Amino acid sequence: MTVENDLQKAIASAQSALGSYQTFAESTQDPAAKQMFQSMAQDMERHVNQLNARKDYLSNRNPMNNQN
């Protein structure tokens with residue numbers, strides 16, 4: 001298992017959690033719970049973006065990807 005594969009698994013998990021938090025935020029009528037889930041979704045979106053950035057960085061630095 002490579003680091004990039006591990007990152008891809010982490011990205012998939014984070015995207016799943018993001019979707020769940022967004023669904024929870026949309027489905028609740030409790031304003032406090034809605035705010036909590038929206039905040040959690042925003043945090044998870046940052047996590048997804050950071051994980052994707054790291055994966056892209058590693059992909060661009062991989063010597064096998066730079067061969068012509």
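**Close-up views of a predicted two-helix packing**

**View 1. The buried residues of H1 pack against helix H2 (31-61).** Helices are DSSP runs (H or I, at least four residues), numbered from the N terminus. This is a predicted model: local features need pLDDT of at least 70, side-chain atom pairs count only at pLDDT 80 or more, and totals for chains, interfaces and linings use all residues. Residues are numbered from 1 along each chain as its sequence is written, and side-chain values use heavy atoms, without hydrogens and water. Buried in H1 are Leu-7, Ile-11, Ala-14, Ala-17, Leu-18 and Ala-25 (under 20% relative accessible area; exposed is over 50%, partly exposed in between; 1.4 Å probe, protein chains only).

**View 2. Ala-14, Ala-17, Leu-18, Ala-41, Met-44 and Val-48 form the largest nonpolar core, of 6 residues.** H1 and H2 each supply at least two residues of this core. Such a core is a set of buried Ala, Val, Leu, Ile, Met, Phe, Trp, Tyr and Cys residues joined through side-chain atoms within 4.5 Å. Beyond its neighbours within four places in sequence, Leu-18 is in contact (heavy atoms within 4.5 Å) with Ala-41, Met-44 and Glu-45.

**View 3. The axes of H1 and H2 come within 8 Å and cross at roughly 160°.** H1 is therefore roughly antiparallel to H2 (angles over 145 degrees). Axes are lines fitted to C-alpha atoms, for helices over the stretch in contact, with angles from 0 to 180 degrees between N-to-C directions.

**View 4. Asn-49 lies in helix H2.** Asn-49 is partly exposed, at 48% relative accessible area. Asn-49 and Ser-13 are 36 residues apart in sequence and 13 Å apart in space, C-alpha to C-alpha.

Notes:
Angles under 35 degrees count as roughly parallel, over 145 as roughly antiparallel, 65 to 115 as roughly perpendicular and the rest as oblique.
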